[in-house]
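Let's take a walk through this structure together. We'll begin with the whole chain, then visit the sheets and the helices that go with them.

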Amino acid sequence: MASQNIYILGIESSCDDTAASVIHNGKILSNIVASQKIHEQYGGVVPELASRAHQQNIVPVVDQALKIAGITKAELSAIAFTKGPGLMGSLLVGTSFAKSLAFGLKIPLIDVNHMQAHILAHFIDEEGFKTPPFPFLAMTISGGHTQIVKVENHFDMEVIGQTIDDAVGEAFDKSGKTLGLGYPAGPKIDKLAKLGNPKAYQFTKPRVDGLNFSFSGFKTAVLYFIQKQVKLNPQFIEENLNDICASIQYTIIGILTDKLKLAVKQTGITHIAIGGGVSANTGIRQALKEAEVKHGWTTYVPKFEFTTDNAAMIAIVGYLKFLKGDFATQNVMANSRLKL
């Protein structure tokens, strides 16, 4: 079957980005993302506004993905879509559209786990990027998720560590909000951190047993620290912003790498694949690359456009499931709390 011309349309609508991608035998032909700027003024994603924007964006985004791929709807082999996890209203838009399109074209429908897709994005056929060998450890870090996953094969995955409260992306965004950086704050902290001293201020790392994470206490510690310093010096943030951002990022990177070191020790697996929107952070990428030499790891980081929420990762899972004949029925439903 792999020798056939297999065209999969992937649709992603789990949060605030409407995305569509066409993949041909494992190679991405198009990857279109429509971002929603409206949430910036609210300091976070507003679910109702997100679902309305998906309704407006999904038809033109899919149309553009097909045009750039140079194919028609009639040439599609299957439709893959994000079943969950995510915002229910957003998921429903993508699910309903995918089901209707697959039904109308009389082609298979493939449901995809968003978290699984972040991991399998490493298997997109992209020049200059190597795929991790099985078994490997995957660390998925995003605005809503922080996980360490043991991956035996494409569809045999075990979560061995995860956050017990806030995700790493939330730690960046909430800390950034305290500093007045707006939303999303992660990229801004990353940019400013390059100009500061990462050891200027010390923030305590949360103590959590095993491979699980916690960022709630860290986020609160940053808030209290800033409040205390601003009382002493109202210009503290403005005068020390670069150092504060560098120190915040340095601590978060330390939390992540400490858990990865423990995971490697416990499993004996030294191939580390990173994914999720926060993996776009240059400081995290650099730290993991340095760990290759320091700890003997081999680190795999996908192409930048495949790290944040995108439909290419949905399409690659759709392609791999298509090869297995693993299809969904028209009764499939979105699941906002879908587990890996």
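Let's start with a head count: the chain has nine helices and ten strands. Helices (H or I, at least four residues) and strands (E, at least two) are DSSP runs, numbered from the N terminus. The chain's radius of gyration is 20 Å, close to the 20 Å that the globule rule gives for 340 residues, so the chain is as compact as a globular protein of that length. That radius is taken over C-alpha atoms, and the globule rule is 2.2 Å times the number of residues to the power 0.38. Along its principal axes, the C-alpha trace spans about 65 × 45 × 30 Å.

Two notes before we go on. This is a predicted model, in which local features need pLDDT of at least 70 and side-chain atom pairs count only at pLDDT 80 or more, while totals for chains, interfaces and linings use all residues. Residues are numbered from 1 along each chain as its sequence is written, and side-chain values use heavy atoms, with hydrogens and water left out.

Now find the open sheet of five strands with mixed pairing, ordered β3-β2-β1-β4-β5. Two strands pair if DSSP finds at least two bridges between them. At the edges sit β3 (27-35) and β5 (109-113), each pairing on one side only. From one strand to the next, the twist averages 20 degrees. Strand β2 (residues 17-24) runs antiparallel to β3, and eight bridges join the two.

Another is α9 (residues 312-324), which touches β1, β2, β3, β4 and β5 and makes about 135 degrees with the direction of β1. Contact here means heavy atoms within 4.5 Å. As for angles, they run from 0 to 180 degrees between N-to-C directions, and axes are lines fitted to C-alpha atoms, for helices over the stretch in contact.

On to the other sheet: five strands form an open sheet with mixed pairing, in the order β8-β7-β6-β9-β10. Its edge strands are β8 (156-162) and β10 (298-300). Strands β6 (residues 136-141) and β9 (residues 271-275) run parallel, joined by four bridges; Leu 137 has Ile 272 as its bridge partner in β9. Helix α8 (residues 282-295) lies across β6, β9 and β10, at about 155 degrees to β10.

Finally, look at how helices meet. The axes of α4 (residues 168-178) and α7 (residues 236-267) come within 11 Å and cross at roughly 165 degrees. The two are therefore roughly antiparallel to each other. The contact involves Val 168 and Phe 172 of α4 and Ile 248 and Leu 256 of α7, among others. Its residues divide into seven nonpolar, three polar and no charged.

Helix α5 (residues 186-193) also packs with α7, at an angle of about 110 degrees and with the axes 8 Å apart. That makes α5 roughly perpendicular to α7. For these words, angles under 35 degrees count as roughly parallel, over 145 as roughly antiparallel, 65 to 115 as roughly perpendicular and the rest as oblique. Among the residues in this contact are Ile 189 and Asp 190 of α5, and Leu 241 and Cys 245 of α7. This time the division is six nonpolar, two polar and one charged. Ala, Val, Leu, Ile, Met, Phe, Trp, Tyr, Cys and Pro count as nonpolar, Asp, Glu, Lys and Arg as charged, and the others, Gly among them, as polar.
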